[in-house]
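This report describes selected features of one protein chain. Please consult the sequence and the structure shown below while reading.

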Amino acid sequence: MKRLSGFISFVLVILITIPLFAQKRLTKMTEKELKSLQKRYPRVDFSKLREMAIRQNKLWQKRHREALKKAKQKGLPIIKKLKDGKTIELQYFEGDLPIYFTPYNLIAAKTISTASVWRGPYYLSGSEINIGLWDQGKIYTSHQEFKDAKIYWKDSTNIAISIHATNVTGTMLAAGIIDSAHGMAPNAIIFAYDWYNDLSELIDFSGYINVSNHSYGSPTGWHWEVDASGSGEWVWYGDPEVSYYEDYRFGFYDERSHFIDSLTALNLYLLPVVAVGNDRSDNPGDIGTHRHAKDNDYYDDRHDGDGEKDGGYDCIPAGFATAKNTLVVGAVHDIPNGYFSSYDVVMTNMSSWGPTDDGRIKPDVVANGYDLFTTGTDSENDYDYYSGTSAAAPSVAASIALLLEKAGTSYFSSTIKAIIINTADEAGDSPGPDYKYGWGLMNTQKAIELIDQDQIEGWGSHIKEYQYSGPVEFHIQAEGEVRVTICWADPAADISNASVDPTDRKLVNDIDARLIADDGSGTFFPYILDPGNPSAPADTGDNSIDNVEHIYAYSTSPTYTLKISDKGITGYQWISIVVSGGHFYIPEEEPPVQDVFYQVTLDQQLSDGNSVGQLQIWDYSLDSWSEPFYVPNTVRVDSTDPYLTSKSSSAIYSEQKFNRWEAKDTTSEFSWETFIIREDQNIISKFEKIGKATFLKFKLISANSETDGEIYFKDPWIIDTTDPSYYYINQDDPHPNKPRGYRNKGMKNADFDTLFLPATLDQNPPRKGVFLNQGITPQGQWAPPYYTVRVPQEQVFPFHNEDIIWYFQGWEGDNVSFQNASQNETAVVFQADGAEARAVYKGHLASNSSLAIRANNGRKIVSDDVGNYHLVYEDNGEIYYTFSSNGIDWSADERVSDGHGNNRYPSIAIGAANKYHIVWQKFNGWNAYEIRYKR
């Protein structure tokens, strides 16, 4: 009997001989080196990753500089040194909320069965597998456990040795000079960085690492801090402007979550392993006076303990741990004699529990995170015990290096994740996943055995990587208790508005798996959890929340049919499919039915339903497009070769242009598309209305004029691109000469284009107009796809013969709606012909006088006790504040008045604790004045 599916061809990428150039930053590679790397990893667009790294680095550098100034202005600490040598370090601000990083701290190999694969028959050690490590600081490489270790420091040289980074590295790479300190993968290679600017570095070095470890995150909710002198106190890191009771960032999908999902959806081979956090035991009760991290002042208000109101659930800090495509690890107690039953797995008292705010299962798995014995920093033979999810994550990350070593191939990150979940040991009180232990305790040995089985029985017999674009079936021969896991790197979701427990769903591509017993004994659904009742046991049903679906079949059927479908995706999605207790096979085929044809009616319609223009279809026998034909028109498709490729017109008809294809069970935004025909049906190219002309402009406050400059516009509907990165290849289609090029970019892959102002978006190439009211539902809600505008936060424009820095204030316009008019990047909807969107800028210290810029505006300046300068002035009827530490470099002007004009005569004074106080006069009508105050 055949055992290998013929649905896909499996691409092997050997990791053992990685070229030297691949250890460069992407941003430092030559075009030749980049092309060579691209050839090695054909599924990854490294050019896009390089652009992403450059943008992220510039953003982080700017935000970090601003954070240092803002912290000094507010009197907030930049680094807090703790008694145990750990630190809490400021990274950036989210609004007025400071975001810090801290290590997630409070005989691992046996617990997750990694020690079993160090010996025969596998003899695995992680040899030549690259691991990226981002942590607090440098590793103490002089330790005796690291004498032969391959550890490369890739960051700034003036970084101090870190106890935490050394502990983590020992868990991964320790040679085992002392047996109980043996690392998981002693022959792996570590490329190490500090945690500053981790996002851009992770992109920049992602060309040669397949797994990275992140045992740190942002302090969230309550945090007990003991400083270097031994004095301890509780600090609350929540934002009282959002909620006085709970830190809204627990379970929250934030900017870092969005970023890491964006990166991993581009680089399908990168799997970040993340500590889930140690917040569940943080509950000081009614302690009275305590410090708020937001302003470093003391308060006597009351906040819930972390996870208190949810019975210990919902206490995972926002960031990498709440992303979809990471592998998030919780901490359990050691199991020195190895796993025998779920009762052996005992939860620690600090490991954070899910769900995420939208109900996803996190953590993904658990590992030992209590009293790990590992390398210290006091001397070459110093050892430490350390606990926390910081200890659990590197156990898993380094064990993944063993999986990659055994595979000898660069599996997708979703494949590694699916293998780990499929082979995890049961943990918790009930079968299936839960929000405490995730999918269970990682079992490295079972994962290695499954990979070994796939290699022995033939690639693709148990592990598949499949380019999904529509419903598909696979056949499985049972060998025991069948378990199926599908997983995919889901595209990044929109960031939620700051609030407690927002439930907006983060799953973008909702793909479904069903396992049907061929003997008629039942259909088996994936496990699901109820976020509204997080302690309830897992059930089975339709999972529309997670990008992982795991099915357990408990029937005795000899064969099964695995059906995979979706509730709507854009283009295609690579998915990983893993089967244990059975293997894929191709059943004996029935004789084909001859001379059966489907009738397909092709049409092209305006928004009112009227047919218009001409279409073309691809003639597979001639490998060329057919002659254009008027619509509607009916064609025949052979049921034995049921593929039809049609190309929509790119012309504009009656102020309308192509929007999408509509067909049975599928839609597509590509201007040409291949349809798999299963029955007689209609396929329609839908056109929608566009504006005759829309405009993008700048408006300069005080200059009272518009200006030239650059603005960035994302049009998800640009038609007829020949960029090969936008080709859509349907791997089900057996025809090798399918047409290439001339594809609509599609909403998810659209790029920002640079436009020179004033810019007109009319019916001429390349945009051919913008759709009116595209992006708002009939209920008035924002929904993609939509257009997006972006401008820099600051720009230099000449004014009165002087180059002045102008700062972004917000968006305004005519016949437009902005999703967030206060942000420099926002979705925008054009509502009528002639709509106009304007980016409003304010010049630094500019006056409303035509004779001067830095005079005649009533400037008042004071100095505080530490030498900082605080300045206020009036400009165009508004009062502005700016700050400088040296009298030369000034912060962006902050408007302190209400924005309605008629303000003047500002004055400023410095009070206690260097707090500034501003007063000014507000004119409210005929001889009516009032004094306004701002602290």
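Is Arg838 buried or exposed? With a relative accessible area of 12%, Arg838 is buried (buried means under 20% relative accessible area, exposed over 50%, partly exposed in between, with a 1.4 Å probe and protein chains only).

The model is predicted: local features need pLDDT of at least 70 and side-chain atom pairs pLDDT 80 or more, while totals for chains, interfaces and linings use all residues. Residues are numbered from 1 along each chain as its sequence is written, and side-chain values use heavy atoms, without hydrogens and water.

The chain has an average pLDDT (the predictor's confidence in each residue, from 0 to 100) of 85, and 89% of the residues score at least 70.

The whole structure holds 41 salt bridges (a side-chain nitrogen of Lys or Arg within 4 Å of a carboxyl oxygen of Asp or Glu). Three of these pairs are listed here.

| Pair | N to O distance |
|---|---|
| Arg302 and Asp286 | 2.5 Å |
| Glu662 and Arg660 | 2.8 Å |
| Asp814 and Arg838 | 3.1 Å |

Asp814 belongs to strand S43 and Arg838 to strand S46, so their pair ties together parts that are 24 residues apart in sequence (strands are DSSP runs of E, at least two residues, numbered from the N terminus). Asp814 is partly exposed, at 39% relative accessible area.

A network of salt bridges links Arg505, Asp510, Asp512, Arg514, Asp542 and Lys567.

Definitions and conventions
Helices (H or I, at least four residues) and strands (E, at least two) are DSSP runs, numbered from the N terminus.
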